[in-house]
Amino acid sequence: MLINLLFNGIVIGSIYTLTSLGFVFAYRSTGAFNFFHGELYMLGAFLGFVLHGFFNLPLAICLPLAILITGLSGIVVERVAIRSLIWAPHYHVIIATSALGLVIRSSVLLYTKGQAKLFPQYLPSKDLSFLGLQFRPQKVLIILMTVCLVLLLAIFLRSTRIGKAMRAIVSNMKAASLMGINASWMQMLTFGLASLLGAMAGVLAAPLFIVDAYMGLFMTFKIFCVSVLGGLNSTIGPIVAGYLLGIAENLIGGYISTDYQDILSFAIVIFVLLVRPTGILGKASSPKV
Amino acid sequence: MDAGRKANRYEFILDKSNIPIVLLLLVPLWVKDSYHLQIIDIIGIYILFSISLNILTGFLGQISFGHAGFWGIGAYTSALLSTKLHLPFCIDLVSAVGVTGIFGFAIGLPALRLRGSYLALATLSFGLIIQMVLFRWVSFTNGPNGVNDIPPASFWGMKFDTQVRFYYMLWCFLLILHIFCKHLRWSRIGYAMQSVKTDEIASSMAGINVVRIKLLGFILSAMIAGLSGSLLAHFMGYIAPELFSVDASIIVLTIMVLGGGGSLSGPWLGSALIIGSSEYLRFLGHYREIGYGIMIVLVLIFMPQGLQGALSVVMNAVKRFAGNVSFRNQKPV
């Protein structure tokens, strides 16, 4: 039982990690709180479903295509909503991205008319057996893919020119621009990267859960819990916090009751914001006078 | 130039900007249909609600993403006191205002050290927690079923149970609050709030007690939100936790931004536009929400001052034309 809970916690934690990693990185790059990020998760899953169902393309083509299109829409959102509001007060960006999230949610609602859809399974449904326990192959895939993606991301950020440029912008935008890095371009690419991660999380998680228009909203709340917990200022924070939250949620759900899962998440957020607003792994920054 | 300095304090009460509000007294003479009056009443309640957010976010610059939490506290306090304890309207109104004010203080304290995104997250969590508590504490708040049969507001035996009567009671509250906000904005506290909004550190160095101003802002804002919630409960006769969701917080924030944050006419214009369009365009279904979202983004990009900005451009043009004010002395509406 405990092993099951832990395993499920790691699975869900992987999803939280993928989405929050993109979100936090995008936030650090542009300074903008993207309330649209959860919708990217939903869009990835939903586009995969639509492309498969409507055009009858094989899943091997649908899914990468869905991920690409979602990545592009993330870039569009960045150009439209975030870039234009760079000089506006903080909350304008939040409102604008929430509004775009509403637009996407309503568009999806127009199509689904409130029904939830079942996503096609792309792995054989026979449970894998290991040490006497049953695991759904989809869940194993999620964990493996997350580990691969995080490693790839780390390699990308450390070793490639573009990755280093992105890190430079995140760390000190003015200095990086003075060094000749096109900040605007890098921010756009960072958003694209974040959207791709979010979309991949959506595509990975969709066969496990049903696809409906409110997936994005649910994920947005979880993303912000994880980001606050892990620290908006750190890169590793969302990873650690994502797994922590996933495991904690499942443990609470298993041992106490599933009702209290959400309350736990928000209690954690409040506690962290009161005690250590920069999160468990965030670097504290003092206001400059 | 000191745009708001008045010769004596009574000039705030007899100001020119009261004229449109006094003209609103005549509305029920034209609009007789109770459906339309109901929508206008709801707009009025939202105006009160967005005035409360305007004080916190517009004047003081503290972003609040969970303002519906205060609304819910006020509404539920009023509803529960009048249904379970059968207290008269006056008492449950004042209690709602008081209780919400206390919550405002409780939220304001931790909010003192949070800025920007963190404050947004904290207030968002507050709103969500209030909604969750309202949902799940079934023994106290009746859970998802909400509170039914809330008696209509009544003062000294006169019941405000029709739309018209409620309209006039609402009008009194709105007029008083409008004068209050005007007075607040151009007073020492108002200037202190604007200063804190612009630059907190510089304000504290200039001698402003930032802690006191922020707490004052939170308490005041919460109290007015509680007032609005209480009126909502007595108007609708029925409240449920769904009303006080993040959506409601985002709606009132949108109203404030679209109307023009930090201004006096902003909440009025914003509420009229957004609540009016959301009611009258309801038949469009999901297309309405799509249009709504696109409109918000467009207004935010191209008209960040909101409707109030457009209105003050027009008013200043009129004043310039009349020779009353030079190009430099224009003030926002």
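Predicted model: local features only at pLDDT ≥ 70, side-chain atom pairs only at ≥ 80, totals over all residues.
Figure 1. The secondary structure of chain B consists of 15 helices and two strands. Of its 333 residues, 48% count as buried. Among contacts in chain B between residues at least 6 apart in sequence, 78% link residues at least 24 apart.

**Figure 2. Packing of helix 12 against helix 15 in chain B.** Helix 12 of chain B contributes Val257(B), Leu258(B) and Gly259(B) to the contact, while helix 15 of chain B contributes Gly306(B), Leu307(B) and Gln308(B). By class, this contact comprises three nonpolar, three polar and no charged residues.

**Figure 3. The loop around His86(B).** His86(B) is located in the loop between helix 4 (67-84) and helix 5 (89-111) of chain B. The phi angle of His86(B) is near 55°, a positive value in a residue other than glycine. Most residues other than glycine have a negative phi. His86(B) has 9 C-beta neighbours inside 10 Å and therefore counts as exposed.

**Figure 4. The side of chain B that touches chain A.** In this view, 29 residues of chain B are in contact with 33 residues of chain A. Helix 6 (116-136), helix 12 (246-259) and helix 14 (286-302) of chain B are the elements that give two or more residues to the side of chain B touching chain A. This side of chain B has 22 nonpolar, six polar and one charged residues.

**Figure 5. Overall architecture of chain A.** Chain A contains eleven helices and two strands, arranged along the sequence in the pattern α-α-α-α-β-β-α-α-α-α-α-α-α. The radius of gyration of chain A is 19 Å, close to the 19 Å given by the globule rule for 289 residues, so chain A is as compact as a globular protein of that length. The C-alpha trace of chain A spans about 60 × 45 × 35 Å along its principal axes. Of the 289 residues of chain A, 48% count as buried. Residues 24 or more positions apart supply 75% of the contacts in chain A with a separation of 6 or more.

**Figure 6. Helix 10 of chain A and its packing partners.** Helix 10 of chain A (residues 237-255) has 19 residues and, at 1.5 Å a residue, should span 27 Å; its end C-alpha atoms are 26 Å apart, which agrees. The buried residues of helix 10 of chain A include Gly237(A), Pro238(A), Ile239(A), Tyr243(A), Leu245(A), Glu249(A), Asn250(A) and Ile252(A). The buried residues of this helix pack against helix 1 (2-30), helix 5 (137-159), helix 9 (215-230) and helix 11 (260-275) of chain A.

**Figure 7. The surroundings of Ala199(A).** Ala199(A) belongs to helix 8 (residues 183-205) of chain A. Because Ala199(A) has 32 C-beta neighbours inside 10 Å, this residue counts as buried. Leaving aside neighbours within four places in sequence, Ala199(A) is in contact with Leu40(A), Leu43(A), Gly44(A), Ala66(A), Ile67(A), Thr70(A) and Gly71(A). Ile10(A) is 189 residues from Ala199(A) in sequence and 19 Å from it in space, C-alpha to C-alpha.

Terms used:
Residues numbered from 1 in each chain as written. Chains lettered and ligands numbered in written order. Helix = DSSP H or I, 4+ residues; strand = E, 2+ residues; numbered from the N terminus. Expected span 1.5 Å × (residues − 1). Buried ≥ 20, exposed ≤ 12 C-beta atoms within 10 Å, placed from the backbone. Contact = placed C-beta atoms within 7 Å. Nonpolar A, V, L, I, M, F, W, Y, C, P; charged D, E, K, R; others polar. Rg over C-alpha atoms; globule rule 2.2 N^0.38 Å. Axes fitted to C-alpha atoms, helices over the stretch in contact; angles between N-to-C directions.
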